[in-house]
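Please keep the sequence and the structure in view while reading.

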Amino acid sequence: MRRALFAALLLPLAAVAGCGHADDAGTATAAVAPHGLTPAQLSFLKFAPVAEVEASSVANLSGTIDFDEQRTARLNAAVSGRVVELLVQAGDHVDADQPLVALESADVKTAEADYVHAEADLVVARKSAERAERLHGARAIAEKDYLQAQEDAAKAVADFERARAQLERLRLAPGARTSRYLVRAPFAGIVVARKASVGMSAGPDSAEPLVVVSDLSQVRVVLRLPERQLPLVRPHQGVAVRVEAYPDEFAGEVTVIGDVIDDATRTVPVLCAVPNPARLLKPAMFARVTLEAPPGLRMLTVPASALLSDGQRFRVIVRRPDGELEQRSIEAGAEIDGRAQVLSGLAAGEDVVSEGALFAAQALAS
């Protein structure tokens, strides 16, 4: 396409070069405007005005569907032990508190024994403290012995509360007399991964979780926003998400805007929360995300085809009121539906080259 355009633009020059008469050559020279293009070449350029429009969206970006980390649990055993039973499969829907994996653990027996000992010590310490209280009232016990009995009772209460808290953490009933520990779902969701297998050792420090449960009724979309578009995004800004699998849009909002620019890509991470009640959106799906503009936002735009870039800055070819062409550096923002936002460098109503800008730039540089 570009070669055809250049060939068409060069035809008038070839015609001029083929004329041997001095008058024809002079006429051709006179027909070349100061901007370096002949009228015939100029006719191949198309122009479009810089327009101020009310924006419905401010950016159109690529993203990836991911788990919502606020609704995802990567579960390990709270005690060391050996897996003896798998109670769910990947893909199962589970309810809150539902058992997922069973382990045999000596730590469970230890916790039960600690509770029994602490309970017995508490009974003895309380009786001793009550006896010391009575003797103290009758002045029949030394003050230091009375204070020691009170201190022993307080320590026994603390030891008992600690042992009871350990049973509660392990979801064990006092007196259960079991060595089995159950990994449970903290909330309702889907088992998205189960890496546990019967016979494997597991514990709090295991490198891999035994089970991953996620509530997929809400997912997040991860975007990489170019730094020049950072002023266009704000927390709670509405977004529209599209994926190839479905024709419908999914509404969401911006939840997190990163604080650090990636040196390699010059982008900042942006996270969006998207309700997903039908669980149509799947983690790892690619998505197109449109950032919605606030009501009444107006911006200057030009056709995206008018932009020329050297990788560091943008420029356009402007037609001045006297008809001459000039190159002008501008600051460009978001690109939406074939139009680019102009942050500075142009005014509404000015004309820019919308087709043939590269050829015009080359002619101006020659």
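Helices (H or I, at least four residues) and strands (E, at least two) are DSSP runs, numbered from the N terminus. The model is predicted, so local features need pLDDT of at least 70 and side-chain atom pairs count only at pLDDT 80 or more, while totals for chains, interfaces and linings use all residues. Residues are numbered from 1 along each chain as its sequence is written, and side-chain values use heavy atoms, with hydrogens and water left out.

**The chain as a whole**

- The secondary structure comes to six helices and 22 strands.
- Of the 366 residues in the chain, 36% are buried; buried means under 20% relative accessible area, exposed over 50%, and partly exposed in between (1.4 Å probe, protein chains only).
- Among contacts with a separation of 6 or more, 74% join residues 24 or more positions apart; contact means heavy atoms within 4.5 Å.

**Helix H4**

- Helix H4 covers residues 106-137, and its 32 residues should span 46 Å at 1.5 Å a residue; the end C-alpha atoms are 47 Å apart, which agrees. The expected span of a helix is 1.5 Å times one less than its number of residues.
- At the N-terminal end, Ser 105 caps H4, with a side-chain oxygen 3.1 Å from the backbone nitrogen of Asp 107. A polar contact is a pair of N or O atoms within 3.5 Å; within protein, one must be able to donate a hydrogen and the other to accept it, and residues adjacent in sequence count only if both atoms are side-chain atoms.
- The buried residues of H4 include Val 108, Ala 111, Glu 112, Tyr 115, Ala 118 and Leu 122.
- An α-helix has 3.6 residues a turn, so residues three or four places apart point the same way.
- The buried residues of H4 pack against helix H5 (143-169) and strand E8 (180-184).

**Glu 112, a residue of H4**

- Glu 112 is located in helix H4 and counts as buried because its relative accessibility is 9%.
- A polar atom of the Glu 112 side chain lies 3.5 Å from the backbone nitrogen of Arg 177.
- Not counting residues up to four places away in sequence, Glu 112 touches Leu 167, Leu 172, Ala 176, Arg 177 and Thr 178.

**Helix H5 and its pairing with H4**

- Helix H5 has 27 residues and reaches 39 Å from its first C-alpha to its last, close to the 39 Å expected at 1.5 Å a residue.
- Tyr 146, Ala 149, Ala 153, Ala 156, Phe 160, Ala 163 and Leu 167 are buried in H5, and the buried residues of H5 pack against H4.
- Two packed helices are described by the angle between their axes and the distance between the axes.
- The axes of H4 and H5 come within 8 Å and cross at roughly 155°. Axes are lines fitted to C-alpha atoms, for helices over the stretch in contact, and angles run from 0 to 180 degrees between N-to-C directions.
- H4 and H5 are therefore roughly antiparallel to each other; angles under 35 degrees count as roughly parallel, over 145 as roughly antiparallel, 65 to 115 as roughly perpendicular and the rest as oblique.

**Residues with a positive phi**

- Arg 139, in the loop between H4 and H5, has a positive phi of about 55° although it is not a glycine. Arg 139 is exposed, with a relative accessible area of 80%.
- Arg 171 follows H5 and has a positive phi near 60°.
- Asp 97 lies in the loop between strand E6 (93-94) and strand E7 (99-104), and its phi is near 75°, a positive value in a residue other than glycine. With a relative accessible area of 31%, Asp 97 is partly exposed.

**Asp 215 in a loop**

- Asp 215 is placed in the loop between strand E11 (211-214) and strand E12 (218-226).
- The side chains of Asp 215 and Ser 217 are joined by a polar contact of 2.7 Å.
- Leaving aside neighbours within four places in sequence, Asp 215 is in contact with Arg 71, Phe 187, Ala 188 and Gly 189.

**Val 239 in a strand**

- Val 239 is found in strand E13 (residues 238-242) and is buried, with a relative accessible area of 1%.
- Val 239 and Phe 250 are 11 residues apart in sequence, and their C-alpha atoms are 8.3 Å apart in space.
- Not counting residues up to four places away in sequence, the residues that Val 239 touches include Phe 250, Cys 272, Val 289 and Leu 291.
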